Amino acid sequence: MDLSVRIGSLTLKNPLVAASGCFGYGVEYAEVVDLSTLGAIVSKGLFLEPREGHPSPRIVETPAGMLNAIGLQGIGARRFVDEKLPELRARGATVIVNVCGTTLDEYVEVSRVVSDAEGVAAIELNISCPNIKEGGIQFGCSLNGTFDVVSAVRKATRLPVVPKLTPNVTDVASFAHAAEDAGADAVSLVNTFLAMVIDVESRRPKISNVVGGLSGPAIRPIAVRMVWECRQTVKIPILGMGGIADARDALEFLIAGANAVQIGTANFVDPFIWGKVLDGITDYMERHGVARVADLVGSLDTREEAADLT
Ligand SMILES: Cc1cc2nc3c(=O)[nH]c(=O)nc-3n(C[C@H](O)[C@H](O)[C@H](O)COP(=O)(O)O)c2cc1C
């Protein structure tokens, strides 16, 4: 059975990727998960310099999900390269770095720093974090901003460039298109949905930033729809995510048109999820006589006559 996935010049051994911000820097999970068995891991978002993020409370549970406004706390790109990358390399992890910036120049600079390091497989450009005031989503909510960041980073690195799109727009496919036009090797989607939760007794927001990003199973049907829309619009690979908690969920994304899937929030619930989802996918492939996971990608059957048969 061929589980491999191509993302530009990069081949992942399977379609399961640990989503940014939900898997630390990877090393924290190394005792629980054999990092070399994952398709890839995506680092927490990194700026050039370390950042403290927002004060707590920064997360709150919601029906079938969670709201977070961490504010991109992180150790910065240089410390990541010096302190985390050597262990990730030694453990055989395929590492994608989630690159952040408050300005276009910072995106370029962070991309250069991680491109110069040994052991980074690709860059995921975070133009979609809803929880910071400058940069990020401001680029990701503008078609020109998306195009400009992607083309600037494209020129600065030989690594595959994978912009991560926000769902907080009316027509996400047009953003995927802008990214493809600017030379992106793939797109990942979705980041979290802007949302808020209020404590009615105190009439206070439940997180310090007032608003935050919603993730988990609650967002999955919307994310699947967005992946499907992007699949109609772009040819480049899609890394799909949003609420995946088991193999069926992952298969939904693949069938909708994702080439690989990322798992975020569900890893907090079950850090052993990876083997279970992979087994579920291979079991499905066996039952359906599918030899290559790539053959599932975008295999959704929307014909009306097919509906009559079921
Ligand atoms: C606590 C937390 C921190 C996150 N941090 C980042 C981040 O640093 N960069 C990023 O691109 N996405 C970040 N995300 C978004 C996830 O990578 C993912 O896009 C989103 O949660 C949807 O997937 P899920 O429902 O499987 O969690 C974060 C999500 C959560 C819950």
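This is a predicted model: local features need pLDDT of at least 70, side-chain atom pairs count only at pLDDT 80 or more; totals for chains, interfaces and linings use all residues.
1. Helix 7, residues 247–256, and helix 9, residues 273–287, have axes that come within 8 Å of each other. The two axes cross at roughly 60 degrees. Angles from 65 to 115 degrees would count as roughly perpendicular and those under 35 as roughly parallel, and helix 7 and helix 9 are therefore oblique to each other.

2. The crossing of helix 7 past helix 9 is right-handed. On the helix 7 side, the contact is made by Ala247, Ala250 and Leu251. Helix 9 contributes Val277, Gly280, Ile281 and Tyr284. Sorted by class, the contact of helix 7 with helix 9 holds six nonpolar residues and one polar residue, with no charged ones.

3. Four strands form an open sheet in the order 5-6-14-11, and their pairing is antiparallel. Which strands stand at the edges? They are strand 5 (59–62) and strand 11 (193–195). Each has a single partner strand, so one side of each is left without a neighbour in the sheet.

4. Neighbouring strands in this sheet are turned against each other by 35 degrees on average, with direction ignored.

Conventions. Residues are numbered from 1 along each chain as its sequence is written. Axes are lines fitted to C-alpha atoms, for helices over the stretch in contact, and angles run from 0 to 180 degrees between N-to-C directions. Helices (H or I, at least four residues) and strands (E, at least two) are DSSP runs, numbered from the N terminus. Angles under 35 degrees count as roughly parallel, over 145 as roughly antiparallel, 65 to 115 as roughly perpendicular and the rest as oblique. A crossing is left-handed if the near helix is turned anticlockwise from the far one by less than a right angle, and right-handed if clockwise. Two residues are in contact if their C-beta atoms, placed from the backbone, lie within 7 Å. Ala, Val, Leu, Ile, Met, Phe, Trp, Tyr, Cys and Pro count as nonpolar, Asp, Glu, Lys and Arg as charged, and the others, Gly among them, as polar. Two strands pair if DSSP finds at least two bridges between them.
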